[in-house]
Amino acid sequence: MSGQSANIPPTRHTMVLDGQGWVGLLERMGSEVTIVNAARVSFGRLRTEMDDRDEKLLRYLLENRHSSPFEHVVLTFSVHCPLFVRSQWHRHRTWSYNEISRRYTDVDLEFYVPPEVREQAESNRQASVAPQHLDQSAVRAQIAAQNQAALGVYQSLLEQGVCREQARGVLPQNLMTTFWATVDLHNLISFLELRDSPHAQWEIQEYARAIKGLITPEFPRLARILGW
Ligand SMILES: Cc1cc2nc3c(=O)[nH]c(=O)nc-3n(C[C@H](O)[C@H](O)[C@H](O)COP(=O)(O)OP(=O)(O)OC[C@H]3O[C@@H](n4cnc5c(N)ncnc54)[C@H](O)[C@@H]3O)c2cc1C
């Protein structure tokens with residue numbers, strides 16, 4: 001089959017997780033003008049460029065959660081991330097997803113090794129804290145060794161004739177995956193509020209911050225109002 005691998009970053013992308021993951025902007029439909037025009041459809045005066053009055057309207061819409069005009073802007077991202085980030089991301093049901101399938105392919109297997117391994121937070125069972133006592137090179141080597149051991153079992157199972165759909169069960173949560181994700185701007189803003197937050201896991205925060213950086217040139221006034 002001709003064409004390039006879906007597993008490489010698109011032209012406009014940002015590397016995250018110390019270069020192990022990335023998020024890229026594949027397509028965008030609509031702009032800031034689309035938002036203010038959608039809000040003004042009711043009284044029929046459309047514009048072609050943003051001015052300061054439009055920015056005031058944009059701010060009013062955001063501050064008053066008048067959200068439907070933002071749904072006329074749609075973006076598609078390509079995401080390369082560990083499986084556990086994928087699981088958190090896919091909880092956001094208002095996005096549309098398509099993902100590489102390990103039932104079809106066993107090439108390009110890569111595994112995440114945290115650039116810094118954090119310690120368990122004592123006060124919050126869901127959270128982590130900056131490391132104070134961990135031997136970073138020892139725990140990172142242990143994680144990398146486990147990734148490689150799992151890969152070895154997986155390859156051995158395939159060599160013995162086990163089907164890919166069952167053999168993949170031995171691969172760890174650190175397996176990297178790639179998916180396309182399409183969302184309207186209203187639901188993207190909600191995602192970014194939830195995931196670029198100290199309550200979210202650092203790994204998914206990285207992706208949320210990268211998305212803000214990627215789309216700020218496309219939505220400069222919105223980014224300013226939201227304090228990105
Ligand atoms: C810091 C953090 C910690 C989390 N911890 C956990 C956890 O421990 N366990 C866990 O299971 N999840 C956890 N989650 C996931 C969380 O519960 C949500 O599933 C996730 O944030 C998606 O949010 P959402 O439903 O608003 O997004 P979307 O699914 O994109 O939905 C957007 C909005 O659409 C509406 N909507 C969509 N689908 C429905 C529906 N079927 N019925 C009614 N309204 C709907 C809701 O108003 C919703 O807010 C966590 C999320 C965060 C950010």
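Author: Two strands are said to pair if DSSP finds at least two bridges between them. With that in mind, strands E2 and E3 are joined by 7 bridges and pair in the antiparallel sense. One of these bridges links Leu25 to its partner Phe77 in E3. Please note that the structure shown is a predicted model.

The sheet as a whole may be described next. It is an open sheet of 5 strands, arranged in the order E1-E2-E3-E7-E4, and its pairing is antiparallel. At the edges stand strand E1, residues 13-16, and strand E4, residues 96-99, each of which pairs on one side only. On average, and with direction ignored, neighbouring strands of this sheet are turned by 20° against each other. Helix H6, residues 185-195, packs on the sheet, where it touches strand E3 (74-82) and strand E7 (176-184). The direction of H6 makes about 125° with that of E7.

E1 and E2 form a hairpin with 4 residues between the strands. Two residues of that loop deserve attention. Most residues other than glycine have a negative phi. Leu17, which lies in the loop between E1 and E2, has a positive phi of about 50° although it is not a glycine. Asp18 is found in the loop between E1 and E2 as well, and it has a positive phi of about 60°, although it too is not a glycine.

Asp18 has 12 C-beta neighbours inside 10 Å, so Asp18 counts as exposed.

Gly213 lies in helix H7, residues 202-215. Gly213 and His13 are 200 residues apart in sequence, yet their C-alpha atoms are 9.8 Å apart in space. Gly213 is exposed, because 12 other C-beta atoms lie within 10 Å. For the chain in general, residues 24 or more positions apart account for 68% of the contacts with a separation of 6 or more.

Helix H1, residues 32-40, and helix H2, residues 52-63, pack at an angle of about 75°, and their axes are 10 Å apart. Angles of 65 to 115 degrees count as roughly perpendicular, and therefore H1 is roughly perpendicular to H2. On the side of H1, the residues that meet H2 are Glu32, Ile35, Val36 and Ala39. Their counterparts in H2 are Asp54, Leu57, Leu58 and Leu61. By class, this contact of H1 with H2 has 6 nonpolar, no polar and 2 charged residues.

The residues around the ligand are Arg91, His92, Arg93, Thr94, Asn187, Ser190, Leu194, His199 and Ala200. This shell divides into 2 nonpolar, 5 polar and 2 charged residues.

Finally, the setting of these parts may be given. The chain contains 8 helices and 7 strands. Of its 228 residues, 21% count as buried. Taken along the principal axes, the C-alpha atoms of the chain fill a box of roughly 70 × 50 × 25 Å.

Definitions and conventions:
Residues numbered from 1 in each chain as written. Predicted model: local features only at pLDDT ≥ 70, side-chain atom pairs only at ≥ 80, totals over all residues. Near = placed C-beta within 6 Å. Nonpolar A, V, L, I, M, F, W, Y, C, P; charged D, E, K, R; others polar. Axes fitted to C-alpha atoms, helices over the stretch in contact; angles between N-to-C directions. Contact = placed C-beta atoms within 7 Å. Buried ≥ 20, exposed ≤ 12 C-beta atoms within 10 Å, placed from the backbone. Parallel < 35°, antiparallel > 145°, perpendicular 65-115°, else oblique.
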